[in-house]
Structure formats: structure tokens, C-alpha cells
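Notebook open, model loaded. I want to go through the salt bridges, the disulfide and the core, in that order.

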Amino acid sequence: MRLVHCFILGSVCVLLAGLVSCCTDEDTCVPVPESNAAVVPVGKRIVADTGDVFHYSVNPCGLVPKSSVESFLGNDMTEPSFSLLYDIPPRLVCSYVAKVTSPDGETHGVNRLRIQVVDETIAGEFAYPSLDTPEKFFTIQAEALHDVRKDYELVEGLGVPAYREPSNGNLHLLLHGYYVQLASEISEKGKATDKEVRELQRIERNTQANVRFAENYLIGKAR
């Protein structure tokens with residue numbers, strides 16, 4: 001690939017023919033355009049800005065049945081969105097959104113879940129120097145969170161290597177052959193008056209949701 005990469009706290013800047021394109025974990029990144037969808041084979045993803053192609057063997061939208069995710073998030077769920085996050089390494093992303101409604105049908109919030117996957121195929125194909133497996137990316141991300149961002153906490157008791165980001169509750173897992181990141185945003189029920197208390201409650205809700213999802217739908221399946 002004719003690319004120049006720079007690793008800046010989880011972001012990648014891609015320099016190609018004098019054009020710079022940046023993508024962060026907060027972005028919705030380079031999904032295959034609808035006009036191209038019919039000609040892109042299953043198992044392949046194209047980076048819109050550069051035309052580079054990445055293959056994959058694990059589809060994050062296929063890890064858990066849609067009905068199970070719907071039970072987890074809420075019944076009023078939209079169709080999942082599958083995209084490629086062009087980062088170091090490139091990550092496959094499946095995003096789920098469900099409205100939270102009261103018994104009378106009034107919407108009072110939204111629940112979200114994002115599953116990011118780095119599998120052996122995409123890690124090996126990306127072939128960043130000395131980082132060519134999901135395990136290596138899992139480890140270097142832990143080191144970056146611990147040493148640079150100071151946003152790391154080991155998670156024990158799940159039966160697989162895991163850590164989380166205390167600032168937001170995101171959960172990182174190393175399953176059999178692939179690296180998974182879970183990011184939930186669960187609507188609150190009742191609001192604390194203190195802003196700091198509300199934020200701590202939000203992080204705790206998201207942490208518990210990520211752990212519960214991993215235990216119920218991912219870890220048992222991977223064993």
C-alpha cells in the first residue's frame with residue numbers, strides 16, 4: 001500500500017498523493033458507498049478515500065444474532081450498520097441503535113452498542129511493522145491506554161484477557177483469534193442532579209452493559 005501512517009492516540013492520518021485524511025474512534029468511518037455495494041464481494045472492504053482493499057474473516061454484525069442484540073438493547077432497533085474504521089489497525093465495526101420507549105410509546109432515550117473487531121486476516125494484511133496479529137494490537141492498545149492516556153483498568157473474572165477504559169467503560173477483549181472492543185451507551189433512568197454523579201453513573205451503566213454483553217453473547221460462544 002502506498003500509505004504513510006502516524007499513530008496518534010488511537011487515530012490514523014493517511015497521507016496519499018498530498019491528501020490527508022484522519023479518522024478517530026468517534027467517527028463513522030468509510031462505509032462502502034451504496035453505489036458500490038453490489039460490486040463488493042462478501043469478505044472485502046474498500047477504503048473510500050484511497051481505494052485500498054482490506055479482507056476480513058470475522059463480520060462483527062454476524063457475531064451475535066440480531067434478535068439477541070435487540071433483546072439486549074431494546075425492541076425498537078434499527079438495522080445494524082457495518083463499516084470499516086480506517087485506523088491502526090483497520091477495524092470492522094458494527095453499530096446498533098435502539099430507541100427506549102415508555103409503555104405509552106413515548107421515546108425517552110436511545111441505547112447504542114458498537115462492536116469493533118480486528119481479526120487475523122485484516123491484521124495480517126495490514127502488516128504494520130511488528131504488528132501483524134490481533135494479539136499484538138490488543139497488547140499495544142493496552143500499553144497506550146496505560147502509559148499514555150492513563151485510562152486503563154484490568155478486568156478479571158471473564159475467562160479471557162480483558163481490560164477497560166475507566167473514562168467511558170469501553171471493554172477490550174481477546175477472544176479466540178480476534179480482538180474485540182465493545183462500546184455501549186445506555187440511556188439513563190432518572191437523572192442525578194449533580195453533573196459529576198451523572199457522569200459516573202453513565203460510565204458504570206456502560207461498563208456493566210459491556211461486561212454483560214460479553215459474558216452472555218461473546219465469551220461463551222468463543223470457548
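**Entry 1: salt bridges**

I started at Arg 202, which is partly exposed with a relative accessible area of 21%. My cut-offs here: buried is under 20% relative accessible area, exposed is over 50%, and partly exposed lies in between (1.4 Å probe, protein chains only). A note on the source: this is a predicted model, where local features need pLDDT of at least 70 and side-chain atom pairs count only at pLDDT 80 or more, while totals for chains, interfaces and linings use all residues. Residues are numbered from 1 along each chain as its sequence is written, and side-chain values use heavy atoms, with hydrogens and water left out.

What does Arg 202 form a salt bridge with? I found Glu 185, with the closest N and O atoms 2.9 Å apart. I count a salt bridge when a side-chain nitrogen of Lys or Arg is within 4 Å of a carboxyl oxygen of Asp or Glu. This pair links distant parts of the chain, since Arg 202 sits in helix H5 and Glu 185 in strand E13, 17 residues apart. Glu 185 is partly exposed too, at 29% relative accessibility. I also noted a network of salt bridges that links Glu 185, Glu 199 and Arg 202.

Helices (H or I, at least four residues) and strands (E, at least two) are DSSP runs, numbered from the N terminus.

Next I looked at Glu 79, which forms a salt bridge with Lys 66; the closest N and O atoms are 2.4 Å apart. Glu 79 is in the loop between strand E6 (76–77) and strand E7 (81–85), and Lys 66 is in helix H2, 13 residues apart. Buried or exposed? Glu 79 is exposed at 57%, whereas Lys 66 is partly exposed at 34%.

I then checked Asp 132 and Lys 136, whose side chains meet at 3.0 Å, N to O. Asp 132 has a relative accessible area of 35% and Lys 136 comes to 36%. My search of the whole structure gave five salt bridges.

**Entry 2: the disulfide**

How many disulfides are there? I got one, taking a pair of cysteine sulfur atoms within 2.5 Å as the rule. Cys 61 is joined to Cys 94, S to S 2.1 Å. Cys 61 lies in the loop between strand E5 (53–55) and H2, and Cys 94 in strand E8, 33 residues apart. The torsion about the S-S bond is about 105 degrees, so the disulfide is right-handed. Cys 94 is buried, at 0% relative accessible area.

**Entry 3: the core**

I looked up the largest nonpolar core and found 29 residues; among those with the most contacts inside it are Leu 73, Ile 115, Leu 182 and Phe 213. Such a core is a set of buried Ala, Val, Leu, Ile, Met, Phe, Trp, Tyr and Cys residues joined through side-chain atoms within 4.5 Å. Elements that give two or more residues to this core include helix H2 (66–73), strand E9 (107–119) and helix H5 (195–222). H5 supplies the largest share, five residues.

What does Phe 213 touch? Leaving out residues up to four places away in sequence, I listed Val 64, Val 69, Phe 72, Leu 113, Ile 115, Leu 182 and Leu 218. Apart from this core lies another of 19 residues, Phe 82 and Phe 138 among them.

**Entry 4: whole chain**

The protein chain has five helices and 13 strands. Of its 223 residues, 45% are buried.

Methods:
Contact = heavy atoms within 4.5 Å.
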